[in-house]
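User: I'm new to this structure and would like to learn how to read it. Could you walk me through a few features?
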Amino acid sequence: MITKQGRSGRVPPFPMDGIGRAADGVLRYTSLPESVVAMLRRSVERDPHGEAIVEVGGERLEFRTLWERAARVAGGLRAAGVRRGDRVAIHLPNGVPWVTAFFGSQLAGAVAVPVNTRFSPAEVRYVVADCGASYVVEPGAALPDGTPFAVDDLSLGDLAAIFYTSGTTGFPKGALLAHECLLATCENRTRVTGTGKDLALRNLVSVPLFHVTGTCSQLMFTVSRGGTTVIMPAFSVQPFLHAIAEERINIATSVPAIWWLAINQPNFADFDVAGLRHLSYGGAPMAPELVGRVREAFPNARLGNGFGLTETTAIATFLPNEWCELRPETVGFAAPVVEVDLLDV
């Protein structure tokens, strides 16, 4: 791993302005929104009629509509007895209902608990019981609905979500993520990929939203920038390529196997992928030969390799475009508010 700060003494490859070391010794951004709710409100006020969410084959929501629907979900949760800090388990597939349930739980002041739709019934029951969910949003059931409601006094240190990870033995473990964690990832994603304010984001989410990659480094990052999040309900390679072309996607993230599958489609040349400007991958190493092939297939895209954990709210390190062919075997540099120790073990 190449590290860039902390004990390494290397020159930071990413912008480091607006960062300070807090009293606890942790590097933090100094000008994040107060909460996820404040972030969403800012994006809505900035462009209420901008396209916020697109479900491939389904609905399209403006930012104003996203806020209104989420506020009604929040009101419904409150009417059902959910109070500030209560856990709301979201056991839904990718799509508009998932997004409105997630933001609705935030507007209610509750803690969102995305539930892996691939879990067995026993694992689902375990997660719901382990987090102490006060409300479970189930597939096929109507979303909570009530008088619009939104809290206005959440802070960065308040708990926002619990994502369960199966990276260890035994039952899944819940990672507690504060509002600051989610919002810092939005800023990290902006800085490590170099997506400046001049790019009107159209981000394709082909990974599950019950993972931090889909929710934090894609959905929330795009919402925070006032861009459009295009969500695939389930992955299939031909709809994936159609979405890139037809939805004018300019940023996308997936695992190396998906990019390999995409460029090896017999009809790949039939798709207009010239608009893709940022292409990132992670979750597994990408072979140097495949890095070169992906670069040729998407000639206008800057590549990047991301590495992270549920506990780090997705991005911990990132290998930027200029290094992808030079050092493709690495996971890159520490993100701006991440410090890395290198140990010989």
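Analyst: Happy to! Keep in mind that this is a predicted model. Let's start with T215, which is found in helix 6 (residues 212–224).

User: Is T215 buried or exposed?

Analyst: Buried means under 20% relative accessible area. T215 has a relative accessibility of 0%, so T215 counts as buried. Leaving out residues up to four places away in sequence, T215 touches W98, F102, F163, L209 and M220.

User: What does helix 6 pack on?

Analyst: Strands of a sheet pair through backbone hydrogen bonds, either parallel or antiparallel. Here nine strands form an open sheet with mixed pairing, in the order 4-3-11-10-12-13-14-15-16. At its edges are strand 4 (60–62) and strand 16 (333–334), each pairing on one side only. Strand 12 (residues 251–254) and strand 13 (residues 278–282) run parallel, joined by four bridges; I251 stands opposite H278 in strand 13. Helix 6 packs on this sheet, and strand 10 (202–205) is among the strands it touches; the direction of helix 6 makes about 165° with that of strand 10.

User: And how do I read a nonpolar core?

Analyst: In soluble globular proteins, nonpolar side chains tend to be buried together. In this model, the largest nonpolar core has 64 residues, and I53, V99 and F103 have the most contacts inside it. Helix 2 (residues 63–79) gives the most to this core, with eight residues. Apart from this core lies another, of 31 residues, including V230 and L279.

User: Which residues does F103 touch?

Analyst: Not counting residues up to four places away in sequence, F103 touches V36, L40, L66, A70, L219 and V223.

Key:
Residues are numbered from 1 along each chain as its sequence is written. This is a predicted model: local features need pLDDT of at least 70, side-chain atom pairs count only at pLDDT 80 or more; totals for chains, interfaces and linings use all residues. Side-chain values use heavy atoms; hydrogens and water are left out. A nonpolar core is a set of buried Ala, Val, Leu, Ile, Met, Phe, Trp, Tyr and Cys residues joined through side-chain atoms within 4.5 Å. Buried means under 20% relative accessible area, exposed over 50%, partly exposed in between (1.4 Å probe, protein chains only). Helices (H or I, at least four residues) and strands (E, at least two) are DSSP runs, numbered from the N terminus. Contact means heavy atoms within 4.5 Å. Two strands pair if DSSP finds at least two bridges between them. Axes are lines fitted to C-alpha atoms, for helices over the stretch in contact, and angles run from 0 to 180 degrees between N-to-C directions.
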